[in-house]
Amino acid sequence: MAKKPGTRGQEILQALARMLEHSGGGRITTAALAAEVGVSEAALYRHFPSKTRMYEGLIDFIDETIFARVRGIVSDEPDPINQCYRILSLVLAFSEKNPGITRILNGDALTGETARLHDRVQQFFDRLESQLKQILREAEIRDGLKLQVPVATAANLMLCSADGKISQFVRSQFKTAPTQNWQEQWQLLTAAMFE
């Protein structure tokens with residue numbers, strides 16, 4: 001995660017991400033986080049009014065990072081199937097580089113946390129699926145792209161494949177990289193979905 005020089009808030013979020021990576025799915029207390037950062041719990045709360053806000057800061061980072069790059073992919077890549085591949089590859093590579101944050105995407109780190117955090121992660125995945133649908137719908141109209149299944153089914157299958165690889169990464173304690181075999185798996189998916 002990119003660190004803005006001199007910002008304690010960023011330092012706190014980076015420490016939280018590191019702790020999530022090594023927590024084994026256990027809860028992280030504000031006391032443990034404060035100790036990791038080297039500040040008091042009161043200092044944590046000066047930057048974030050609650051632990052929920054800290055998790056929201058990490059979710060904001062995920063959202064901003066991924067969707068800024070998604071916009072670039074959509075504008076730079078002319079082929080709709082490659083757009084989908086590159087978007088999902090981006091999410092998998094991001095997860096691989098940020099294992100602690102991946103526990104949030106997977107929901108593992110949010111066990112026992114507020115429903116609002118679960119909703120935010122669901123919104124992230126819904127937005128990603130909507131982007132895939134939009135790409136496919138536009139390609140059907142503009143380019144005559146032929147799918148063997150409805151657009152919604154294809155977009156959902158693509159997203160579920162990436163989501164499954166993210167879950168496997170967390171389940172394997174970050175040993176099975178989400179990008180492992182992805183290119184070959186993508187070829188199988190596209191062969192089944194597109195005419």
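Q: In what order do the elements of this chain run from the N terminus on?
A: In this predicted model, the elements run α-α-α-α-α-α-α-α-α from the N terminus on. That pattern goes with a count of nine helices and zero strands.

Q: What makes H1 roughly perpendicular to H4?
A: Start with the value: the axes of helix H1 (residues 8–22) and helix H4 (residues 51–76) cross at roughly 90 degrees, and they come within 10 Å. Angles of 65 to 115 degrees count as roughly perpendicular, so H1 is roughly perpendicular to H4.

Q: Which residues make the contact of H1 with H4?
A: From H1 come Ile12, Leu13, Leu16, Ala17 and Leu20, and they meet Met54, Tyr55, Gly57 and Leu58 of H4. Sorted by class, the residues of this contact are eight nonpolar, one polar and no charged.

Q: What makes up the contact of H5 with H6?
A: On the H5 side you will find Phe94, Ser95, Glu96 and Lys97; on the H6 side, Pro99, Ile101, Thr102 and Leu105. By class, there are four nonpolar, two polar and two charged residues.

Q: How do you know whether H5 and H7 are roughly parallel or roughly antiparallel?
A: Check the angle again: the axes of H5 and H7 cross at roughly 170 degrees and come within 9 Å. Angles over 145 degrees count as roughly antiparallel, and therefore H5 and H7 are roughly antiparallel to each other.

Q: Which residues bring H5 and H7 into contact?
A: H5 gives Pro80, Gln83, Cys84, Ile87, Leu88 and Val91, while H7 gives Leu128, Gln131, Leu132, Ile135, Leu136, Ala139 and Asp143. This contact has ten nonpolar, two polar and one charged residues.

Q: What lines the largest pocket, and which residues are the closest to its centre?
A: The largest pocket has a volume of about 200 Å³. It is lined by 16 residues, of which Val121, Gln122, Phe125, Leu159 and Asp163 are the closest to its centre. Helix H6 (99–106), helix H7 (115–143) and helix H8 (151–171) each give two or more residues to the lining. The largest share, six residues, comes from H7. By class, the lining has seven nonpolar, six polar and three charged residues.

Q: What is said of residues 29–48 in the UniProt annotation?
A: An unreviewed UniProt entry carries the annotation "DNA-binding region" for residues 29–48. In the model, this span is 75% helix and 0% strand, and its end C-alpha atoms lie 14 Å apart.

Technical notes. Residues are numbered from 1 along each chain as its sequence is written. This is a predicted model: local features need pLDDT of at least 70, side-chain atom pairs count only at pLDDT 80 or more; totals for chains, interfaces and linings use all residues. Side-chain values use heavy atoms; hydrogens and water are left out. On a 1 Å grid over the protein atoms alone, a cavity is a set of points where a 1.4 Å probe fits but cannot get out, and a pocket is an open set with protein on both sides within 12 Å along at least five of seven lines; lining residues have an atom within 4 Å of a point. Grid points are joined across faces, edges and corners, and a volume is the space filled by probe spheres set on the points. Helices (H or I, at least four residues) and strands (E, at least two) are DSSP runs, numbered from the N terminus. Ala, Val, Leu, Ile, Met, Phe, Trp, Tyr, Cys and Pro count as nonpolar, Asp, Glu, Lys and Arg as charged, and the others, Gly among them, as polar. Axes are lines fitted to C-alpha atoms, for helices over the stretch in contact, and angles run from 0 to 180 degrees between N-to-C directions. Angles under 35 degrees count as roughly parallel, over 145 as roughly antiparallel, 65 to 115 as roughly perpendicular and the rest as oblique. Contact means heavy atoms within 4.5 Å. UniProt positions are given in the numbering used here, feature names are shortened, and annotations may be inferred rather than shown by experiment.
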